[in-house]
Amino acid sequence: MTSFDGWPPLLELRQYALRPGRRDDLIELFDAEFVESQEHLGMGVYGQFRDLGDPDRFVWLRGYPDGSPDRRGEALAAFYGGPVWAEHGRAANATMLDSDDVFLLAPLTDVEPFAGDPDRPPVGAEPTESVYDVTVCLLDQPADRTLRDDVSGVLAPLLSGLADAPVACFASASVPNTFPALPVRADEPVIAWLVRLPDAAAHADYRRRLDESRPWQRSVWPRLESASRAKPLRLRLAPTGRSRLR
């Protein structure tokens, strides 16, 4: 079984576009069948979320605590070639339009990702009111050391102060996709960060503070914008009842 002790060195941010009205079907199946079955193979299911901006999008985080791309490939082959996926994979795929929107990430900050009870909630648990604010900056080229240091040393403390909460920051992981049956956006370097807010009101207040922040507007965001090739992806995510990120 996977041991959860902070962020793993290798993480997938997975966004699924679903058939209209099928998200709750996927979540019910996922939370019941696809959590422990993956963790028994050495992977970590760190968070499962409803996208509050899109009723037909499901987002989740899968991690690899040893950070080995080879081990990732072995674990994925064992899961998708194993009995649980053989039994339930067709039903899961029937809810999806696209499952290839995936970034491989590595953490820039060593922040404990879990709040409250470290044990995963049981099947049928009620979700919390938390809102996770996730931003993904699409870069012209892989982040150099200066940009990484700016993100971990300047951006993270600024956002943490505005949110009164920890901030986790990530950059693209420079590793091969060792399970090509599942595509990833390998040639699209990113910087990303995640902020946990206790509820929707706190999230709205955080976004307001960010928009009004002079350091953000005058120095932090211009630095990121100058390194970006497109507008950032911004997600408002609500954890499912079994998400470790609560």
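With 246 residues, a compact globule would have a radius of gyration near 18 Å, and the chain agrees with this at 18 Å (taken over C-alpha atoms, the globule rule being 2.2 Å times the number of residues to the power 0.38). The model is predicted: local features need pLDDT of at least 70 and side-chain atom pairs count only at pLDDT 80 or more, whereas totals for chains, interfaces and linings use all residues. Residues are numbered from 1 along each chain as its sequence is written, and side-chain values use heavy atoms, with hydrogens and water left out.

**Overall architecture**

- Seven helices and eight strands make up the secondary structure of the chain (DSSP runs numbered from the N terminus, helices being H or I with at least four residues and strands E with at least two).
- Along the principal axes, the C-alpha atoms fill a box of roughly 55 × 40 × 35 Å.
- Buried residues account for 51% of the 246 in the chain (buried means under 20% relative accessible area, exposed over 50%, and partly exposed in between, with a 1.4 Å probe and protein chains only).
- Of the contacts with a separation of 6 or more, 84% join residues 24 or more positions apart (contact means heavy atoms within 4.5 Å).
- The chain exposes about 11,200 Å², of which carbon and sulfur atoms supply 49% (Shrake-Rupley method with a 1.4 Å probe; for residues, only the protein chains shown count as cover).

- One cavity of 30 Å³ or more is counted (on a 1 Å grid over the protein atoms alone, a cavity is a set of points where a 1.4 Å probe fits but cannot get out; lining residues have an atom within 4 Å of a point).
- The largest cavity holds about 80 Å³ of space (grid points are joined across faces, edges and corners, and a volume is the space filled by probe spheres set on the points).
- Its lining consists of Leu-11, Leu-13, Phe-49, Val-59, Leu-61, Leu-105, Val-134, Phe-170, Ala-192, Trp-193, Leu-194 and Leu-237.
- Strands S1 (10–18), S3 (57–64) and S7 (190–197) each give two or more residues to this lining, and S7 gives the most, with three.
- The lining residues of the largest cavity divide into 12 nonpolar, no polar and no charged (Ala, Val, Leu, Ile, Met, Phe, Trp, Tyr, Cys and Pro count as nonpolar, Asp, Glu, Lys and Arg as charged, and the others, Gly among them, as polar).

**Largest pocket**

- The largest pocket has a volume of about 230 Å³ (a pocket is an open set with protein on both sides within 12 Å along at least five of seven lines).
- Of its 16 lining residues, Ser-172, Ala-173, Ser-174, Ala-186 and Pro-189 lie nearest the centre.
- Strands S4 (96–107) and S6 (167–172) each supply at least two residues of the lining, which divides into 11 nonpolar, two polar and three charged residues.

- In H1 (residues 23–33), Arg-23, Leu-26, Ile-27, Leu-29, Phe-30 and Asp-31 are buried.
- These buried residues pack against S1, helix H2 (36–39), strand S2 (44–51), S3, helix H4 (83–93) and S4.
- Thr-240, in the segment after strand S8 (233–239), counts as buried at 0% relative accessibility.
- Neighbours within four places in sequence aside, Thr-240 contacts Ile-27, Asp-31, Gln-48, Phe-49, Arg-50, Phe-58, Pro-127 and Arg-246.

**Backbone at Asp-164**

- Most residues other than glycine have a negative phi.
- Asp-164, although not a glycine, has a positive phi of about 55°.
- Asp-164 is found in the loop between helix H5 (145–163) and S6, and it counts as exposed because its relative accessibility is 71%.
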